[in-house]
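Let us walk through a protein model from the inside out. Keep the sequence beside you as you read.

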Amino acid sequence: MATIPTQRRGENADADTADGFLGGRLTLRQPARGHRFGSDAALLAACAPTDCDGEIMDVGAGVGAVGLAAASRASRSRATLVEIDPALCALALANAQANGLSERVSVACADATSAKARRAAGLADGRADVVLSNPPDLDAENARLSPDG
């Protein structure tokens, strides 16, 4: 695991790490603290059909683990990674570039729950053929939550 400096500043400005994903098939930068991708991302990405030749949309993409994994498996697809956090959008874009997927993958920094924000980001209704999402909506009494809000 390599540590890579980031542009983030402030009390949560930790270094990023570059971590292998899917047996090293992808290398993804992600924050050293807070939510980090895991087996749930691999399982969700596996839900996308490998013969998809349309648009895969990863809503709440974070650093792009799900969308990039799905796009790498479905080589004729295009993918849009939708994320609200600008720092994570920057990491998702860097991850697409670092893994040779930037020609087929775009990143939209937008609030997916707001129609106005989606339109401003160029996300038309009905655009996606496959939608994947792993929202951080966990019941605090039944899940181990990140100590990093």
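Start in the middle. The largest nonpolar core has 29 residues. A nonpolar core here is a set of buried Ala, Val, Leu, Ile, Met, Phe, Trp, Tyr and Cys residues joined through side-chain atoms within 4.5 Å. Buried means under 20% relative accessible area, exposed means over 50%, and partly exposed lies in between (1.4 Å probe, protein chains only). F21, I56, L68, V105 and L132 have the most contacts inside this core. The elements that give two or more residues to the core are β3, α1 (39–45), α2, β5, α3 and β7. The largest share, 6 residues, comes from α2.

A word on the source. This is a predicted model, in which local features need pLDDT of at least 70 and side-chain atom pairs count only at pLDDT 80 or more, while totals for chains, interfaces and linings use all residues. Residues are numbered from 1 along each chain as its sequence is written, and side-chain values use heavy atoms, with hydrogens and water left out.

Now the overall plan. The protein chain has 4 helices and 7 strands. Helices (H or I, at least four residues) and strands (E, at least two) are DSSP runs, numbered from the N terminus. In that direction the elements run β-β-β-α-β-α-β-α-β-α-β. Of the 149 residues, 36% count as buried.

Strand β2 (residues 16–21) and strand β3 (residues 26–31) run antiparallel and are joined by 6 bridges. Two strands count as paired if DSSP finds at least two bridges between them. Is β2 enclosed or open? Of its 6 residues, 5 are buried, so β2 is largely enclosed by the rest of the structure.

Move on to the open sheet. Its 4 strands stand in the order β6-β5-β4-β7, and the pairing is parallel. The edge strands are β6 (105–109) and β7 (130–133), and each pairs on one side only. From one strand to the next, the twist averages 20°. Angles run from 0 to 180 degrees between N-to-C directions, and axes are lines fitted to C-alpha atoms, for helices over the stretch in contact.

Strand β4 (residues 55–59) pairs with β7 over 4 bridges. β7 shows a covered face, V130 and L132, and an uncovered one, V131 and S133. What does L132 touch? Leaving aside neighbours within four places in sequence, L132 is in contact with L44, A45, C47, A48, I56, M57, D58, V59, V66 and A70. Contact means heavy atoms within 4.5 Å.

Two of those partners, V66 and A70, are among the buried residues of α2. Helix α2 has 9 residues, of which 8 are buried, so α2 is largely enclosed by the rest of the structure. The buried ones are A65, V66, G67, L68, A69, A70, A71 and S72.

Step into the loop between α2 (65–73) and β5, where S77 lies. Is S77 buried or exposed? S77 is buried, because its relative accessible area is 1%. Not counting residues up to four places away in sequence, S77 touches C52, D53, G54, I56, A71 and R104.

Finish at helix α3 (residues 86–98). Helix α3 lies across β5 (78–83) and β6, running at about 175° to β6. C89 lies in this helix. C89 is buried, because its relative accessible area is 6%. Its contacts, apart from neighbours within four places in sequence, are E83, V107, A108 and C109. The C-alpha atoms of C89 and G62 are separated by 6.9 Å, although the two residues are 27 apart along the chain.

What of the other cysteines? C109 counts as partly exposed because its relative accessibility is 41%. C47 counts as exposed because its relative accessibility is 57%. How many disulfides does the structure hold? The structure holds 0 disulfides, a disulfide being a pair of cysteine sulfur atoms within 2.5 Å.
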